[in-house]
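Have the model open while you read.

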Amino acid sequence: MTRNTPTPLFAAARNPDRHLGFDIGKVSQITRAITAAILLALGTPAVADGLVDNVNGITLDDKGQVVRFTGLTVTADGKVGRLIRQGEKPSTDKNWRADWRLDGKNRTLLPGLFDAHGHVMGLGIAALTLDLSETKTLAEAQAKVADYAKAHPERRWIIGRGWNQEVWGLGRFPTAADLDAVVADKPVLLERVDGHAVWANSAALAAAGVTAKSVSPPGGRIEKLASGAPTGVLVDAASALVEKAVPQPLPAERELALASAQDVLLSLGITAIADMGTSPDDWNAMRRAGDKGALRVRIISYANSIDTALSVAGSGPTPWLYDDRLRMVGIKMYADGALGSRGACLKKPYADAPGQTGLCFLDDTKMRNIMSRAAMNNLQVATHAIGDAANAQVLGAIEELVQTYKGDRRWRIEHAQIVDPADLPRFGKNGIIASMQPVHQTSDRKMAEARLDPPRLAGAYAWASMLKNGSVLAFGSDVPVESANPFPGLAAAITREGADGQPFGGWQPQERISREAALAAFTTGAAFAGQAEDRIGRLAPGYRADFVLVDVDPLLSTPAQLRATKVSETWIGGKRAFKAK
């Protein structure tokens with residue numbers, strides 16, 4: 001849910017002697033990790049036929065049916081040669097010999113998992129800055145901010161993310177005064193967990209020139225006191241009023257962030273991710289990594305604007321680059337904000353804020369113009385829509401545009417969290433893809449119940465309804481808003497229960513889906529959504545040999561076991577990219 005705004009930086013002065021704002025220890029740690037990853041890959045022959053056997057193999061075929069196998073062969077160019085069933089030999093050619101062999105040791109082998117919606121640079125930068133996502137109270141957050149500022153006296157700005165006033169039970173947004181109490185001598189800017197609001201101290205507001213006279217921009221809101229003074233929280237487009245004053249990441253810092261993000265993703269069995277909101281600087285960092293052979297995860301890019309997409313891709317998606325590791329296919333746009341900051345655009349006022357209906361970012365004409373401009377150049381459109389009014393607006397735009405732009409457009413609606421039940425059947429028409437995040441349901445349940453009345457909850461996080469109505473379902477995490485770990489997402493999809501088992505039997509249990517459907521959404525569905533279904537997302541002859549070895553069978557395990565799944569190895573293109581210690 002992170003907005004398409006420049007990523008705030010954590011760096012000190014733009015001086016190489018200040019080590020780009022990072023601790024030398026952190027830089028060395030990341031450098032060692034990159035070196036280790038390269039050495040790990042070198043441990044597998046680069047050009048040779050391989051055999052992976054003694055596994056509990058699971059994949060889906062082109063009809064969505066489960067295929068089980070005990071081994072597979074890997075060709076010299078990193079693709080699947082064939083799947084080996086119980087009792088079969090690796091090859092019908094009696095003279096065939098494997099140049100290398102991996103004994104799976106009876107572990108479960110799955111296709112590499114595909115996160116259909118994430119923010120790669122956001123993940124990397126979050127791993128290198130202040131993280132408040134685990135804080136349970138305002139006081140705990142204040143203590144972490146104070147400790148971080150003391151540990152990093154060289155940084156001109158204190159930057160971080162992850163706060164959530166709902167988890168804190170605060171009953172209000174935090175304020176600048178709350179931050180001033182612990183850090184008043186330098187600017188502090190902290191992004192909310194959903195990426196749709198920022199929390200600034202007085203020094204940050206002053207540095208950005210945000211005062212009582214400042215006006216909320218279209219698509220944004222400056223929270224203000226009765227006196228008119230800003231409280232310190234700025235929602236959606238208003239966040240840019242402060243973010244513009246923050247030093248931006250240097251190229252080398254983006255490279256470190258990208259390396260860190262890849263480490264996280266590979267350790268969780270994710271071999272591909274749709275990067276939502278790629279900026280020109282992000283794209284350049286990915287290209288540099290590709291040029292150096294350091295791009296390990298497959299990234300399907302959706303540009304942060306039509307201008308970025310046209311500059312990078314021109315008239316249509318880019319070619320696949322770096323052995324199918326990078327491609328820009330479309331644009332990411334926003335119809336509204338998020339539910340937690342009351343920025344999601346609703347048809348009726350919020351139950352807990354009767355005077356507010358959220359923020360609709362675009363009028364109908366502008367939305368159609370942007371979508372049309374992308375479609376004219378054969379670029380895919382992925383539109384963030386959380387509230388029921390926003391979802392209805394996007395559906396209406398698609399229904400109009402398909403009259404002009406024919407063919408396989410794969411219109412994506414990202415999140416589709418709160419949908420008017422009357423609008424659910426519309427998702428099954430015009431080839432619409434519902435790109436959703438199961439962990440949002442378990443994380444947001446109590447907050448959604450506070451924001452909305454019961455009738456509107458009937459169309460909330462409606463995965464089963466999406467499938468029933470004929471929409472393609474693609475699952476992701478929205479990392480760094482949530483953990484990138486796909487296994488809690490799989491567990492949430494089949495139970496609609498949190499890690500604590502609550503509510504017993506699942507929240508809105510009629511929207512649970514089968515294990516097979518959940519696995520498809522994280523593999524074949526995500527690949528289809530990213531226009532990559534002809535090469536990744538499943539294991540079949542000719543497909544990239546991207547797979548993960550785990551300790552449980554996701555089709556047979558208990559929900560608790562599924563949530564706790566451990567990844568032992570991740571392979572991309574027939575080469576080992578991660579091995580657990």
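1. The disulfide first. Searching the whole structure turns up 1 disulfide, taken as a pair of cysteine sulfur atoms within 2.5 Å. Cys345 is joined to Cys360, S to S 1.7 Å. Both cysteines sit in the loop between β17 (326–334) and α11, 15 residues apart. Cys345 is buried at 3% relative accessible area, whereas Cys360 is partly exposed at 40%. (Buried is under 20% relative accessible area, exposed over 50%, partly exposed in between, with a 1.4 Å probe and protein chains only.)

2. Before going on, some housekeeping. This is a predicted model, with local features needing pLDDT of at least 70 and side-chain atom pairs pLDDT 80 or more, while totals for chains, interfaces and linings use all residues. Residues are numbered from 1 along each chain as its sequence is written, and side-chain values use heavy atoms, leaving out hydrogens and water. Helices (H or I, at least four residues) and strands (E, at least two) are DSSP runs numbered from the N terminus.

3. Now α11 itself. Ser372 lies in this helix, residues 364–376, and counts as buried at 16% relative accessibility. Leaving aside residues up to four places away in sequence, Ser372 touches Leu401 and Tyr405; contact means heavy atoms within 4.5 Å.

4. Next, the open sheet. Its 6 strands run in the order β3-β2-β7-β22-β23-β24, with mixed pairing; strands pair if DSSP finds at least two bridges between them. β3 (66–69) and β24 (575–579) are at the edges with a single partner strand each, so one side of each has no neighbour in the sheet. The twist averages 25 degrees from one strand to the next. Helix α8 (251–267) packs on the sheet, touching β23 (567–572) and β24, and its direction makes about 115 degrees with that of β23. Axes here are lines fitted to C-alpha atoms, for helices over the stretch in contact, and angles run from 0 to 180 degrees between N-to-C directions.

5. Within that sheet, β7 (108–111) and β22 (547–550) pair in the antiparallel sense over 4 bridges. Pro111 has Phe547 as its bridge partner in β22.

6. Last, helix α3 (138–151). Which of its residues are buried? Leu138, Ala141, Gln142, Val145, Ala146, Tyr148 and Ala149. They cover an arc of only 165 degrees around the axis, so they lie on the same side of α3; the arc is that of the directions from the helix axis to the C-beta atoms. On the other side, Ala139, Asp147 and Lys150 are exposed. The buried residues of α3 pack against several elements, including β10 (158–163) and β11 (188–192).
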